[in-house]
Amino acid sequence: MDGLQDLRLPGAITRGGVAVPTYPLPRGVHPPLDSPEYRSTALRHPTQPLVLLPQRLTELTAPVFAGVTVHAGENDLTRAHGGPGEPLGQRIIVHGRVLEEDGRPVPGTLIEIWQANAAGRYAHAWDTWPAPLDPNFRGLGRTLTDADGRYRFLTVKPGAYPWKNHPNAWRPAHIHFSLLGRAFTQRLVTQMYFPDDPLFFQDPIYNAVRDETARRRMVSRFDYQATEEYWALAFEFDIVLRGPRASVFEEADHA
């Protein structure tokens, strides 16, 4: 089984006479869910042992992500939501590949992204800081990887925004990524940052990844060759599912 369906090399432990699969994670790469510097993790990280749920029909058969689910144009966040015009901000192309540890492409992966607008505000009722909303931008998009594992989005560069994690706290510009394999239980979540952001030093989410090499894999690469003249700058962001070059995902620390 390839791709998201075989994300980690499993082992097994026994609980109550039942073999329970375990998935060892490389230390220091994936951020622990309990990260004291990221204050709100204390409100939601697991405090009790995880409970193994049996597989049901949905997990075994899985949804099929096809054209009936993902429509043409959903990867264009500048046009996807029927506003009266185009969104404000710097237009950018975000592209890359979803890969196995040995470089094999992972086709048919559903990628969903969400982000703030160019002023750093989300189109969400809970986001009330005084930055302007953009009627032409909802900040949501999705696409499927092609046969070569490639994906592409057209959007605008998000702005930084304040949050109340610590004094004078600002999140660096970023885009959230969600990857789905062949079932809804096969979901990975990560964030893409932009090169040379001046706010990296004080962002507890970015710095929750202790391994510096792994942390740099969350930062996209400016791709001049993919830039479209008189239209949009381009940034490349590959996602590797596992192995020594694995991308950073939001996962629990079972250590």
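Leaving aside neighbours within four places in sequence, Phe 177 is in contact with Val 94, Ile 111, Glu 112, Ile 113, Trp 114, Tyr 151, Leu 188, Val 189, Thr 190, Met 192, Phe 237 and Ile 239, where contact means heavy atoms within 4.5 Å. The model is predicted, with local features requiring pLDDT of at least 70 and side-chain atom pairs counted only at pLDDT 80 or more, while totals for chains, interfaces and linings use all residues. Residues are numbered from 1 along each chain as its sequence is written, and side-chain values use heavy atoms, with hydrogens and water left out.

Phe 177 belongs to the largest nonpolar core, which has 23 residues; Ile 111, Phe 177 and Leu 179 touch the most other members. A nonpolar core is here a set of buried Ala, Val, Leu, Ile, Met, Phe, Trp, Tyr and Cys residues joined through side-chain atoms within 4.5 Å. The term buried denotes under 20% relative accessible area, exposed over 50%, and partly exposed the range in between (1.4 Å probe, protein chains only). At least two residues of this core are supplied by each of β3, β4, β6 (150–156), β9 and β10. A second, separate core of 12 residues includes Trp 163, Tyr 193, Phe 200 and Val 209. In soluble globular proteins, nonpolar side chains tend to be buried together.

The protein chain comprises 3 helices and 13 strands, these being DSSP runs (helices H or I, at least four residues; strands E, at least two) numbered from the N terminus. Of the 255 residues in the protein chain, 43% are buried. Among contacts in the protein chain with a separation of 6 or more, 68% are between residues 24 or more positions apart.

Four of the strands form an open sheet in the order β5-β4-β9-β10, with antiparallel pairing; two strands are taken to pair if DSSP finds at least two bridges between them. The edge strands, each pairing on one side only, are β5 (140–144) and β10 (187–193). From one strand to the next the twist averages 20°, with axes fitted as lines to C-alpha atoms (for helices over the stretch in contact) and angles running from 0 to 180 degrees between N-to-C directions. Strand β4 (residues 110–114) is joined to β5 by 5 bridges, and Leu 110 has Leu 144 of β5 as its bridge partner. Strand β9 (residues 174–180) is joined to β10 by 7 bridges, including that between Ile 175 and Met 192.

Val 94 is found in strand β3 (residues 91–99). With a relative accessible area of 1%, Val 94 is buried. Beyond residues up to four places away in sequence, Val 94 touches Tyr 151, Arg 152, Phe 153, Thr 155, Ile 175, Phe 177, Met 192 and Phe 235. Val 94 and Met 192 are 98 residues apart along the chain, and their C-alpha atoms are separated by 9.8 Å. An unreviewed UniProt entry places the feature "domain: Intradiol ring-cleavage dioxygenases" at residues 94–122; such positions are given in the numbering used here, feature names are shortened, and annotations may be inferred rather than shown by experiment. Over residues 94–122 the chain is 0% helix and 38% strand, with the end C-alpha atoms 19 Å apart.

The count of salt bridges comes to 12, a salt bridge being a side-chain nitrogen of Lys or Arg within 4 Å of a carboxyl oxygen of Asp or Glu. In the bridge between Glu 100 and Arg 242, the closest N and O atoms are 2.9 Å apart. Glu 100 lies in the loop between β3 and β4 and Arg 242 in the segment after β13 (239–240), so the pair ties together parts that are 142 residues apart in sequence. Both partners are buried, Glu 100 at 1% relative accessibility and Arg 242 at 10%.

A further salt bridge links Glu 37 and Arg 210 (3.5 Å, N to O). Glu 37 is located in the loop between β2 (18–22) and α1 (57–61), and Arg 210 in the loop between α2 (204–207) and α3 (212–216), 173 residues apart. Glu 37 is partly exposed at 44% relative accessibility. Arg 79, Glu 86 and Arg 91 are linked in a network of salt bridges.
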